[in-house]
Amino acid sequence: MTPRSDYRAHRLIPTRWMDNDAYGHVNNVVYYSWFDTVVNAWLIESGLLDIHHGNPIGLVVETGCKYHRSVAFPETVEAGIRIARLGNSSVRWEVGLFTAGHDGPAAEGHFIHVYVDRVTRRPTPLPDAWRQVLLPLVVAPGEPSL
């Protein structure tokens, strides 16, 4: 498990009553929504993602999640993000979901964005300006990855 301190950026996400399922904990599909929320919010706030007109755009081509402990309403989740691989046209994002009183994550997830041209949907190299903004989130070589 990756500790909270190994993630480069963090965002608080309050759970909602509707996030709980019949078993009394947050349903697994909500975790994937949190992954999307934390990464895309960071991209927007960093000036990289313009959801209406920007180019390139990221398409998710792979995703996964390991669950370590349940989360339930009314907990607040602290989502940490980092980049495990910065490729020519792709990024492997890793997300840790933490709750108060625990250094270890409740869940760890990843997804891979392949960046494509908005019109052709063909892979396109990440612009140098994007790379400069993404670099601080990249995990150092030899650092454990999910």
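Buried here means under 20% relative accessible area. Keep that cut-off in mind for Phe98: at 0% relative accessibility, Phe98 counts as buried. This is a predicted model, and everything below should be read as a description of that prediction.

Phe98 has a ring partner in Tyr7, and the two make an edge-to-face pair with 5.7 Å centre to centre and 70° between the planes. The pair links distant parts of the chain, with Tyr7 in the segment before strand 1 and Phe98 in strand 4, 91 residues apart. Tyr7 has a relative accessible area of 4%, so this residue is buried too. Tyr7 also has a charged neighbour: the charged end of Arg82 sits over the Tyr7 ring, 5.3 Å from its centre.

Five strands make up an open sheet, antiparallel in its pairing, with the order 1-3-4-5-2. Strand 1 (9-14) and strand 2 are the edge strands; each has a single partner strand, so one side of each has no neighbour in the sheet. From one strand to the next, the twist averages 25°.

Strand 3 (76-86) is a handy place to look at the pairing. On one side, strand 1 and strand 3 pair in the antiparallel sense over six bridges, and Ile13 has Val77 in strand 3 as its bridge partner. Strand 3 is also joined to strand 4 (residues 90-98) by eight bridges, again antiparallel. Within that pairing, Ile83 is partnered with Trp93, while Gly80 stands opposite Gly96.

Helix 1 (28-45) lies across strand 1, strand 2, strand 3, strand 4 and strand 5, and runs at about 50° to strand 5.

What does the largest nonpolar core look like, and which of its residues touch the most other members? There are 31 residues in this core, and the ones touching the most other members are Trp34, Trp42, Leu43, Ile81, Trp93, Leu97 and Leu134. At least two core residues come from each of strand 1, helix 1, strand 3, strand 4, strand 5 and helix 2. Helix 1 gives the most, with eight residues. In soluble globular proteins, nonpolar side chains tend to be buried together.

Leaving aside neighbours within four places in sequence, Trp42 is in contact with Ala9, Leu48, Ile81, Trp93, Val133, Leu134 and Leu137.

Is Asp19 buried or exposed? Asp19 sits in the loop between strand 1 and helix 1, yet at 2% relative accessibility it counts as buried. Not counting residues up to four places away in sequence, Asp19 touches His25, Val26, Asn27, Val30 and Trp34. Trp34 turns up again in a cluster, where ring pairs link Tyr31, Trp34 and Tyr67.

The whole structure holds seven aromatic pairs. Another edge-to-face one is Trp17 with Phe73, at 5.8 Å centre to centre and 85° between the planes. Trp17 is in the loop between strand 1 and helix 1 and Phe73 in the loop between strand 2 and strand 3, so the pair ties together parts 56 residues apart in sequence. Trp17 is exposed, with a relative accessible area of 66%, and Phe73 is partly exposed at 32%.

A cis peptide bond joins Phe73 and Pro74, with omega about 15°, and Pro74 is in the loop between strand 2 and strand 3. A cis peptide bond also joins Asn55 and Pro56, with omega about 10°. Pro56 lies in the loop between helix 1 and strand 2 (57-67).

Then there's Arg121, which isn't a glycine but has a positive phi of about 65°. Arg121 is in the loop between strand 5 (107-116) and helix 2 (128-134), and is partly exposed, with a relative accessible area of 44%.

Technical notes. Residues numbered from 1 in each chain as written. Predicted model: local features only at pLDDT ≥ 70, side-chain atom pairs only at ≥ 80, totals over all residues. Heavy atoms only, no water. Helix = DSSP H or I, 4+ residues; strand = E, 2+ residues; numbered from the N terminus. Buried < 20%, exposed > 50% of the residue type's maximum accessible area, 1.4 Å probe, protein only. Pairing = 2+ DSSP bridges. Axes fitted to C-alpha atoms, helices over the stretch in contact; angles between N-to-C directions. Contact = heavy atoms within 4.5 Å. Core = buried A, V, L, I, M, F, W, Y, C linked by side-chain atoms within 4.5 Å. Phe/Tyr/Trp six-rings, centres within 6.5 Å; stacked < 30°, edge-to-face > 60°. Lys NZ or Arg CZ within 6 Å of the ring centre and 35° of its normal.
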